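Work through the exercises below with the sequence and the 3D view at hand. Try each task before reading its solution.

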Amino acid sequence: MKAGHPLLEVSGVTVSFGGLVALDNVGVHVDEREIVALIGPNGAGKTTLLNVLAGATAPNSGTVSFRGRRIERLPAHRVNALGIARTFQSVELLQRLSVRENVMAGGVARTGLGLGVSMLGFGPPKAVEARLREQADEFLGIVGLSQRADEPAAILPAGQQRLLGIARALATGGELILLDEPGAGLNDIEKTELIDVIRRLRDNHRTILFVEHDMSVVGQLAERIVVLDRGRVIAEGLPDDVRRSPEVIEAYLGQPAAAAGARPATARTPADARPLLNVANLSVRYSGLLALDDLSLTIGTGEIVAVVGANGAGKSTLLKTIAGFVPTAGGTIGFEERTLNGVRAEEIVGAGIGMAPEGRELFPTLSVMDNLTLGNYTRIRAAGFVNLLFRSRRLQQQLDRQLQTVFELFPVLLERRGQSAGTLSGGQGQMLAIGRALMSAPKLLMLDEPSLGLAPQVVSQIMATLLRLRDDGLTILLVEQNARAALEIADRAYVLAAGKVVASGSAAELAGDKAISEAYLGWEGARDTALSAGEPAVEAAASPGSR
Amino acid sequence: MTDALQFLFAGLVIGSIYGLAGIGFTAVYNVTGVVNFAQGDFAMLGAMLAIAMMAVGTPMIVAIVLAIIVVALLGGVIERLAIRPASQTVIRGIIITIGLGVLLQGVAVVLWDSNPKSLPAFSGETPINVLGATLPPQSIWVVGTAVVLMVALHFFFQRSYLGKAFRACAVNPFAARLVGVRVPTMASISFMLSGALGAVAGIIVTPIALMQYDSGIGIGIKGFIACIIGGFGHPIGAAIGGLMLGVIEAFSAGYLSSGYKDAIAFILLLGFLFARPEGIMGEMEKAQH
Amino acid sequence: MWRIGAFTLLIVALWFVENNYVLNLLVVIALQTMSALGLSLLMGYTGQISLGHAAFYGLGAYGSALISMRLGLNPWLSIFAATAIVAGIGWSLGWLVFRLRGHHLAMATLAFGVIVYVGFVELHDLTGGPNGLQDVPIFTVLGTFLDSDRLIYPLAWGACILTIVLAHNLVHSPKGLSMRSVAENERVAASLGQDVSALKRQILMLSAAWAAFAGGIWAHYLGYLSPNPFDVGFSIKLLVMVAIGGFANIWGVLFGVAFVTILGQLLKPFGFYDVVIYGLLLVIVMVFFPNGLLDGLVTLARSAVSGLRGARA
């Protein structure tokens, strides 16, 4: 089964954008006719690596060789001509073309038809078109879309869109196929089809390297797995070995934050029996996929509730929907006495909900101080438009009070208040995002993946701060990929997978329940690992998180 | 030597107008990411309205203020009715603002006529003598007003809360919504602001340069060039770019021929677009849309 | 394709019309359609923008006139020579400007248009300045001068219909698929192996060539040239024609050209009202008929018909 001939060799690849290192000295190889999976937690750099391989991004250093030829500096179309084809995470079909035409568009570049000849209307262009059509039908047959060949690409459902993307990539004559999250958003039937198709490709002499979050797909397909975390390769090898590797499991489940004043053994009973936030049977469609499926959860006043789950489970979509950025397709969102369905994002802050979004989303060219004061915008605006130009004394006092609260919580922000937000470090930026959300004196604070890209000590700090806030009466909804750290401070938690709640209960229960980590990671073998901290000998020096 | 000084002053005067037009572009671009190719026509309209009102006996100050207000409101209306529904892609946005500009020109011709018109100078006609060069007193008004407005706008965008909210819209519209800023409203306000700025520019320069229905095109395009030279998004950049452009134009008109000055302005534009598209001061913040 | 055949028959039939005014109008439409079609390929099918297209038209006109006058070549030869040169200019311009995007690209093309226009006006020795060129050689066929609308008609429409055929073939060829991919998503097109920059340059070159050829016909038909028709206003007019036509619709372009030209004639007695109408048209079309006026009217007609049917049922 192992061909042994290296098709692709990557060595020492480093990519940095500004100050952010996306890939750090990455080396992988792919042999002919292998199926290799590239996995890793959110932000690990998987798509960046694909972009480097496909010629869409040039690495700052390192080499990429395809069939012995150096390709890292070549533009995307040249790389493709040499035999590497790729799909995109968001598929990006050519909407105005039909299904067949999308595939034909993949084959055009290879035909080398010139401009002048193309205007003839007979002869070569017709012959080429016929050939392209034939080939397109062949590829559509391989992926099982033949019966929809004439339909407009725009109406395909998600699963078939991905298959079309694959057919299109095949049409370019690629020998090495790079797939970016082919399984995302597919239902079980579609996933089975997808797995069949990919196996068929390999049987047809193709080599596959795919990025994937869905472990069931990885489990069924991958012959070898490469694991990225924070831009570095932390594990590589046979699936069974990789899955049991402590570094890998830790990368996914997160490190314990060892937060001071960790949560009590049982959940606190909330001060008020009525939930502050009541999400009931929520369904949400996002880019055509069913991102949330009949989901229900509640948060009581004064609780910290964590929502954990693997990537693509719908955690971020949940927060964005509550925050008013994504419309609902069913179900209700109740906050205090109000229903939030249909309330626009700009009004949510006024209702008493603040959010520190994924990726911080600061105003990078404005100062720290400006970022914070803008967090108070709704209050100031509510007092009358004129206050945007000249604040009344009362408003100014209110603003100053909020600022003081935030500066007490995060003294580093006071120090750096004149600095541009874009120059802050990751941890400081996260503090600013939280501070900004706090400026509106919310009743509910929502955080989307605050630990993303942060070193463990910083994560500790942040978690400790959240505990303080809770003690001061704030209710917190914490979405986290780092389940261990989140469960340390949460009262209760929900585990999400594929848009549904698959487990819920007090954080202590969940942390101790080993079956949960299987649900979380989606693969067997993780069964032996608990979500709770206290696993032996993980804190070796080789731990990738120690920065 | 006095020739050179004369050209310099003339250049500074017309450069101030370009700078003001450039700032009008900036106000809109900073909030919406749209480049309003009708910016110059706001200037033309402002002047024409003031002239028309004075022609029926309105006192000058009132006419000027009213004209500015009307054009500002028009800017808001345009944003609401034409820009918002149709600017999904950059190219569509460009074409629709071009269309609006043409429409405004046509309206001007229909309402008034195609003859060049003038406003009386604000403080008389006696030329002032500076180091051997003569200046019409209106030039002081032009440069002075431009400087005051540029400084005011600089402070507005850099220091005032509303100005920062504006910039927030351009820099990160998602986060702006998150803190409660209504981006569409800000877009309307920015168009109103740019309308007002344009009207002021048109009114103050008409006593010197006259104004007719198609004068707006030149002002607008040169204002755009000023922004490219100075750096899109910076009021100060637009000012510097405008002054540089005005002076270079004046010198080339004086020493070569006035026909070449347009070509030179555009060659300068191409130079910056290829060599330093972010302009002298660097683009302030990329409008992320 | 049969539509092109039917259209050709229509054009041939119209040739026999007695009215010289109509014939003149038709000749103008033919030449402007050639320029607009090229612009449509560039904007509608390849997703770029050009605000300086009049420059190519003018360069073709002046180029062919000067080559025939200075080098003593027959206009039939000089027009091809000029077209080739302008095609080269278009291709080179592509190298420069296509690294720009959005409003930067728009302004760069505008700059090109203005610089060329100023060149026409200021380079007196070459172009005759604002007064232009006189005594440009006229086309001859077997000893007869093609100096009337009726005589130039076959050449103008022959070239135009040829351009329509070529555009149609191009759009329906695999290359057309390439163009449409680039227009929709350059990143995806590149990932499919398409050399996006090269394609943009090719299309710009082609559209420049067609505009130049039309300009050449114009020059040797009229017998004299002045810079006025080649200003920014004409570039905007071409833009309006393409926008009304729906950007990516060959028959739409023809409709747009005819619409604008005829409208222009109707509005002539009203003086400057045509400027208002052009602007209003552009705004209304962009807001309400993003796929062009023709498409919009057809859609309206269709829904009116089905509305009637529904009401009756």
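Predicted model: local features only at pLDDT ≥ 70, side-chain atom pairs only at ≥ 80, totals over all residues.

Residues are numbered from 1 along each chain as its sequence is written, chains are lettered from A and ligands numbered from 1 in the order in which they are written, and side-chain values use heavy atoms, with hydrogens and water left out.

**Exercise 1.** Describe the fold of chain B and decide how compact it is.

Solution. Start with the elements: chain B has 11 helices and two strands. Helices (H or I, at least four residues) and strands (E, at least two) are DSSP runs, numbered from the N terminus. Their order along the sequence is α-α-α-α-β-β-α-α-α-α-α-α-α. Next, the radius of gyration of chain B is 18 Å, close to the 19 Å that the globule rule gives for 289 residues, so chain B is as compact as a globular protein of that length. The radius is taken over C-alpha atoms, and the rule is 2.2 Å times the number of residues to the power 0.38. Then turn to burial: 60% of the 289 residues count as buried. Buried means under 20% relative accessible area, exposed over 50%, partly exposed in between (1.4 Å probe, protein chains only). Last, among contacts in chain B with a separation of 6 or more, 75% join residues 24 or more positions apart. Contact means heavy atoms within 4.5 Å.

**Exercise 2.** Describe chain C by the same steps.

Solution. Chain C has 14 helices and two strands. A compact globule of 313 residues would have a radius of gyration near 20 Å, and chain C agrees with 20 Å. Its C-alpha atoms fill a box of roughly 70 × 50 × 40 Å along the principal axes. Of the 313 residues, 58% are buried.

**Exercise 3.** What area is buried between chain B and chain C, and which residues of chain B lose the most?

Solution. The size of an interface is often given as the accessible area lost when the parts come together. Here buried area is the accessible area (1.4 Å probe) that two parts lose on being put together, summed over both. First count residues: 40 of chain B are in contact with 37 of chain C. The buried area is about 3,300 Å², and carbon and sulfur atoms give 85% of it. On the chain B side, Arg92(B), Ile95(B) and Phe274(B) lose the most area, together 19% of what that side buries.

**Exercise 4.** Is Leu206(C) buried or exposed, and which residues does it touch?

Solution. Locate the residue: Leu206(C) lies in helix α10 (residues 196–222) of chain C. Its relative accessible area is 8%, so Leu206(C) is buried. Leaving out residues up to four places away in sequence, Leu206(C) touches Leu115(A), Met119(A), Leu41(C) and Leu170(C). Finally, Leu206(C) and Gly38(C) are 168 residues apart in sequence and 6.9 Å apart in space, C-alpha to C-alpha.
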